[in-house]
Amino acid sequence: MSINIDPEVAASLRGYEVPERLGFGTAMAPIMFRAVYQDGCWSQGELIPYAPLSIDPAAKVLHYAQSCFEGMKAYRTQAGGIALFRPEKNAERMAYSAKRLCMPPVPESLFLDAVRTVASYCANLVPGNSGESLYLRPFLIGTQADLTVSASSSYEFYVIASPSEAYHSGSMRLWVEREDARAAVGGTGDAKVGGNYAASLLSVGRLKERGYDQSLWLNPSDRNSVDELSGMNFFAVIEGTLHTPALTGSILEGITRYSLLELAESLGYQVVEESIPVDRLLSQIASGSCTEAFACGTAAIISPISVIGDAEHCYELQQAPGPVAEALRQALLDIQEGRTEDRFGWMQTVEPASF
């Protein structure tokens, strides 16, 4: 599918300066991609200047939350090129999320053309420091304007971008969330939809008052086993073995998680996917048999965990960051940033656009 390039795109890019301090997701690239679904068909995609959206106040997305999104990155490689990390996996997951919300999946070819085009035109905006990237945010919204409780008949697909640092630097302090549930088995916990994140905000507000950074969510079925953080998957090193919660229907299958499992096994680590009872985990931290824990995700890459708080107790990890987290983070970044052979075939080169 060809993409229409708005004549103002070049001018928007030439007049843009990357901020000296990036932060995460705060400096937006001056262009974006858009495609429209109407009457059962997708329109030709277009690359246009970044601008506010015009949306009817009765649009389904505003009332019934028909919205899903993805998070992915374009990296500057050691050789100076630009590469995307496993974009086909993002296309696959977004299609799953869309189907869960009764939305038409974005065709893989359209999705990949969109992210490649944005990355190509934003090639000069991709930061060069290790751990930094051009963060890409594809999203799909229902735009039909009426208040009936039904799926929209029209949709808009966008890709926006932001030159960014890692989402969370340094070690994190987690709080075990025993009051609320972020998602339910049979609900949307395994899809990447905005409602899951909205459901986490009350917990985040409470824990920040206690001096913590992120919620550690428990499985909604038993309220006893670890699920994930609000936007990251969870790993722990217990007696030398790498553990992560098994997917249960309420956990998002993170692409970084999926990749780390494969990478860890290739590096010789023993990996276990199983239920992790939170009380047992806290006891293992206290006894020293759990030596390190970390969270992972596209935005964060790998973030070591230093403390897990629960009720009146504070459980400190022996190592933050620990050797396993550091080894995996470096091995993953070496592939993403082109310092080592991409033996898994994860990276897709993007040619910078000429304009």
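Okay, let's start at Ala311, which sits in the loop between β16 (301–310) and β17. Strands here are DSSP runs of E, at least two residues, and helices are runs of H or I, at least four, numbered from the N terminus. Ala311 has a positive phi of about 55 degrees, and it is not a glycine.

Quick note: this is a predicted model, where local features need pLDDT of at least 70, side-chain atom pairs count only at 80 or more, and totals for chains, interfaces and linings use all residues. Residues are numbered from 1 along each chain as its sequence is written, and side-chain values use heavy atoms, with hydrogens and water left out.

Back to phi. Most residues other than glycine have a negative one, and most peptide bonds are trans. Glu239 also has a positive phi, about 50 degrees, without being a glycine. You'll find Glu239 in the loop between β12 (233–238) and β13 (241–244).

Now for the peptide bonds: Ala320 and Pro321 are joined by a cis one, with omega about 5 degrees. Pro321 is in the loop between β17 (313–316) and α9.

So how do α7 and α9 sit relative to each other? They're roughly perpendicular, a label for angles of 65 to 115 degrees. The axes of α7 (residues 255–266) and α9 (residues 323–336) come within 11 Å and cross at roughly 105 degrees. Those axes are lines fitted to C-alpha atoms over the stretch in contact, with angles from 0 to 180 degrees between N-to-C directions. Where they meet (heavy atoms within 4.5 Å), α7 brings Thr256, Leu260, Leu263 and Ala264, and α9 brings Leu328, Ala331, Leu332 and Ile335.

Methods:
Parallel < 35°, antiparallel > 145°, perpendicular 65-115°, else oblique.
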